[in-house]
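These are my notebook entries on what I looked up, taken one topic at a time.

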Amino acid sequence: MIAMQHWVGSRPASLSLDQLRWGPSPQHAIIEGLQFAVQPGEMLAVVGPNGAGKSSLLRCLYRYHRPTAGRVLLDGQDLWTLKPRAVARRISTVLQEPVTDFGLTVAEIVALGLTPHLGGLAVPHEEPVLAALGLLNLTALAPRNFSSLSGGEKQRVLIARALVQKPDLLILDEPTNHLDIRHQLEVLALLAELPTTVVVSLHDLALASAHADQVLVLENGRQVDIGRPLDVLTPAAVRQTFSVATTIDTHPATGRPRFSFHLPL
Ligand code: ADP
Ligand code: MG
């Protein structure tokens with residue numbers, strides 16, 4: 001499905017956290033004691049209730065927040081010892097904040113993803129741009145004005161922009177929020193298949209369990225658990241963190257474990 005030749009030359013990164021703590025001041029920790037590793041090419045899903053610290057953690061991973069204690073290591077190197085441009089070449093993001101589009105077309109927005117690799121602005125009809133548009137089923141929308149798109153279409157454009165630079169680490173904050181169910185499944189399947197290392201925050205535990213190699217559960221800024229979905233998203237653990245009941249059975253179509261959730265009876 002993926003045009004793998006597009007990924008030649010990418011070097012999936014390893015990511016590790018060493019007692020990471022961050023907050024707006026040294027006394028006030030929003031996230032604390034985070035300690036885990038993601039292997040090259042793995043996909044980690046970060047889940048947790050609203051306010052658990054998911055976005056704060058991701059901001060530390062793309063070198064926006066400087067840790068107040070501990071470290072984030074990309075291939076063993078502290079992010080804050082690397083130059084910002086070196087980080088921009090290796091890490092790309094899909095964030096929740098609305099983007100200013102400056103009246104650009106879809107293809108021009110996607111081409112912006114190449115900027116860290118170039119001296120100047122990228123050209124929207126270059127091969128990597130066309131490949132990224134194709135991966136996200138956006139080819140027909142390429143000449144359209146970004147501002148004229150629906151929320152879900154915009155979200156796919158931002159994912160294409162993040163992919164075009166062949167990141168070694170891709171970080172996405174709730175990327176499925178505006179997507180219809182078909183595109184949610186397509187985007188998660190695509191992320192799982194990419195050779196790059198992926199860290200993605202998700203609200204949907206069923207999507208996380210179906211696609212991620214590892215799931216990190218955050219609660220009140222602390223790491224409750226991390227591991228394979230079936231080991232971490234146990235009914236008792238999900239009830240504890242999310243206050244919902246879980247049923248796990250075998251999906252009749254895919255044969256994989258199926259998680260469904262309901263209010264405790
Ligand atoms: P999530 O993404 O899991 O919903 P966030 O990381 O956005 O959680 O926020 C976690 C908590 O930290 C929230 O209570 C939020 O209000 C608070 N918070 C986030 N950023 C800041 C900041 N810069 N200053 C103070 N509080 C913050
Ligand atoms: Mg958030």
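Predicted model: local features only at pLDDT ≥ 70, side-chain atom pairs only at ≥ 80, totals over all residues.

**Ligand contacts.** For K54 I found an N or O atom of the side chain at 2.8 Å from an oxygen atom of ligand 1, and for G53 a backbone N or O atom at 3.0 Å from an oxygen atom of the ligand. I then looked up how far the protein covers the ligand: taken alone, ligand 1 exposes 570 Å², and the protein buries 59% of that.

**The shell.** I listed the residues around ligand 1 and found W22, P24, I30, P49, N50, G51, A52, G53, K54, S55 and S56. Sorted by class, this shell has five nonpolar, five polar and one charged residues.

**Helix α1.** I next asked whether α1 is enclosed or open, that is, how many of its eight residues are buried. Seven of the eight are buried, so I describe the helix as largely enclosed by the rest of the structure. After α1 comes R63, for which I read a positive phi near 65°. I set beside this the general point that most residues other than glycine have a negative phi.

**Rings and charges.** R63 also turned up in my search for charges over rings, where I found R63 over the face of W80, at 4.3 Å from the ring centre. A further case is K154, which lies over the face of F146 at 5.7 Å from the ring centre. For aromatic pairs the count comes to one. This pair is formed by Y62 and Y64, with 6.3 Å from centre to centre and 45° between the planes, and I record it as tilted. Are the two partners buried or exposed? Y62 has a relative accessible area of 16% and counts as buried because that value is under 20%, whereas Y64, at 57%, counts as exposed because that value is over 50%.

**Other positive phi values.** I went on to Q19, which is not a glycine and yet has a positive phi of about 45°. Q19 is found in strand β1, residues 15–22, and I noted it as partly exposed, with a relative accessible area of 45%. S243, likewise a residue other than glycine, has a positive phi near 55°. I located S243 in the loop between α9 (235–242) and β11 (245–250), and at 48% relative accessibility it counts as partly exposed.

**T241.** Last I looked up T241, whose place is in helix α9. At 7% relative accessibility T241 counts as buried. I also took the C-alpha distance from T241 to V224 and found 8.4 Å in space for two residues that are 17 residues apart in sequence.

Key:
Residues numbered from 1 in each chain as written. Chains lettered and ligands numbered in written order. Heavy atoms only, no water. Near = heavy atom within 4 Å. Polar contact = N/O pair within 3.5 Å; in protein donor to acceptor, adjacent residues only side chain to side chain. Areas by Shrake-Rupley, 256 points an atom, 1.4 Å probe, with all protein chains shown as cover. Nonpolar A, V, L, I, M, F, W, Y, C, P; charged D, E, K, R; others polar. Phe/Tyr/Trp six-rings, centres within 6.5 Å; stacked < 30°, edge-to-face > 60°. Buried < 20%, exposed > 50% of the residue type's maximum accessible area, 1.4 Å probe, protein only. Lys NZ or Arg CZ within 6 Å of the ring centre and 35° of its normal. Helix = DSSP H or I, 4+ residues; strand = E, 2+ residues; numbered from the N terminus.
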